[in-house]
Amino acid sequence: MKRITVFCGATSGRLPKFEEAAYKLGKDIAEAGYELVYGGGSAGMMGAVANGTVDAGGKVIGVIPRFLVEREMAHEKVQTLEVVQTMHERKARMDELGDATITLPGGAGTLEEFFEMYTWGQIGLHQKPLGLINTNNYFDDLMAMFDKMISEEFLEERYMNQLFIGEDLESLVAQFENFKPLPVRTYKDLQKGHRS
């Protein structure tokens with residue numbers, strides 16, 4: 001694992017501990033010898049995670065749509081800033097660059113990014129571990145929703161094997177080391193009512 005992609009938003013949340021956790025994640029990524037891939041912004045959680053990596057002497061690759069650059073949202077201190085045309089291109093490029101994905105607490109856009117990465121893993125478009133930084137128990141309700149999806153048979157429990165939850169980078173990386181990609185589900189399996 002060389003690069004870690006981090007999804008997070010341009011706001012900081014209600015409590016200072018959210019931005020503090022983002023900064024710490026960025027710092028920990030640099031100190032552990034990884035490179036950070038993130039959304040290229042300078043505000044909120046995005047700015048904090050990039051600042052943490054830069055301040056610790058690490059390498060940062062930002063990927064940002066042109067319209068956000070034009071709104072003066074781009075981070076000026078990151079070493080590499082890739083400018084793309086659309087939000088979808090940004091997500092796809094961030095996935096392409098990273099070897100694992102971590103999502104910090106955030107709003108609708110952050111959750112949309114997380115769920116797309118989760119779904120891409122489920123259908124075999126990537127074979128990478130996904131992590132959630134559970135600052136202030138932010139993702140507890142999301143994990144309960146996953147339990148609901150499984151109990152109502154909208155999600156096979158085996159797809160939880162790509163998802164890990166922790167308080168910091170160290171706890172996630174320890175879990176990532178045990179990650180084994182799952183065989184890709186086929187539509188024949190679905191037609192047979194396959195459960196495993």
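Which residue in β3 is the bridge partner of leucine 36?

A: In this predicted model, the bridge partner of leucine 36 in β3 is valine 60. The two strands involved are β2, residues 35–38, and β3, residues 60–65, and they pair in the parallel sense over three bridges.

This pair belongs to an open sheet of seven strands, whose order is β4-β3-β2-β1-β5-β6-β7 and whose pairing is parallel. At the edges lie β4 (80–84) and β7 (163–166), each of which pairs on one side only. From one strand to the next, the twist averages 25°.

A helix, α4, packs on the sheet and touches β1 (3–7), β2, β3 and β4. The direction of α4 makes about 160° with that of β3.

Helix α4 also has a helical partner. Two packed helices are described by the angle between their axes and the distance between the axes. For α4 (residues 87–97) and α5 (residues 108–122), the angle is about 55° and the axes are 11 Å apart. The crossing in which α4 passes α5 is right-handed.

On the α4 side of this contact stand His88, Arg90, Lys91, Ala92 and Asp95; they meet Glu112, Glu113, Glu116, Met117 and Trp120 of α5. Sorted by class, the contact comprises six charged, three nonpolar and one polar residue.

How values were computed: Residues are numbered from 1 along each chain as its sequence is written. This is a predicted model: local features need pLDDT of at least 70, side-chain atom pairs count only at pLDDT 80 or more; totals for chains, interfaces and linings use all residues. Side-chain values use heavy atoms; hydrogens and water are left out. Axes are lines fitted to C-alpha atoms, for helices over the stretch in contact, and angles run from 0 to 180 degrees between N-to-C directions. Helices (H or I, at least four residues) and strands (E, at least two) are DSSP runs, numbered from the N terminus. A crossing is left-handed if the near helix is turned anticlockwise from the far one by less than a right angle, and right-handed if clockwise. Contact means heavy atoms within 4.5 Å. Ala, Val, Leu, Ile, Met, Phe, Trp, Tyr, Cys and Pro count as nonpolar, Asp, Glu, Lys and Arg as charged, and the others, Gly among them, as polar. Two strands pair if DSSP finds at least two bridges between them.
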